[in-house]
Amino acid sequence: MVETVSAEKLDREEAAEQLRELADELENGDESTVRAGNKTVALRPPSSIAYEVSVRERSSILRGQRESVTIKMDWRPSNVSEAGDTAGAEAE
């Protein structure tokens, strides 16, 4: 299993543009690319994928209020046999 994680601070417009690019690739093609740090990963999602959204609201006396959204998409690529590994993408 290989996991590539990237965390960076973007303004809202940049974050929306990255999500929009991924959404366009998911909708229009057989392959989607995701940039994680200095690495680009090619993904091959099938026509049906598992999709999960979670929202967390936290309040702390020391850190103040904080909100987060996690979007998880998970699938088994069509070119991997049933015994093969699964691939997925996660954005936070």
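Tutor: Accessible areas come from the Shrake-Rupley method with a 1.4 Å probe, and for residues only the protein chains shown count as cover. On that basis the chain exposes about 7900 Å², with carbon and sulfur atoms supplying 45% of it. One caution: this is a predicted model, where local features need pLDDT of at least 70, side-chain atom pairs count only at pLDDT 80 or more, and totals for chains, interfaces and linings use all residues. Residues are numbered from 1 along each chain as its sequence is written, and side-chain values use heavy atoms, leaving out hydrogens and water.

Student: What makes Ser68 count as buried?

Tutor: Buried means under 20% relative accessible area (exposed is over 50%, partly exposed in between, 1.4 Å probe, protein chains only). Ser68 has 16% relative accessibility, so Ser68 counts as buried. Across the chain, buried residues make up 12% of the 92 residues.

Student: Which residues is Ser68 in contact with, leaving aside its neighbours within four places in sequence?

Tutor: Contact means heavy atoms within 4.5 Å. By that rule, Ser68 touches Ser54, Val55, Arg56 and Arg58.

Student: Where does Ser68 lie?

Tutor: In strand 4, residues 64–75. Helices (H or I, at least four residues) and strands (E, at least two) are DSSP runs, numbered from the N terminus. The chain has one helix and five strands, in the order α-β-β-β-β-β.
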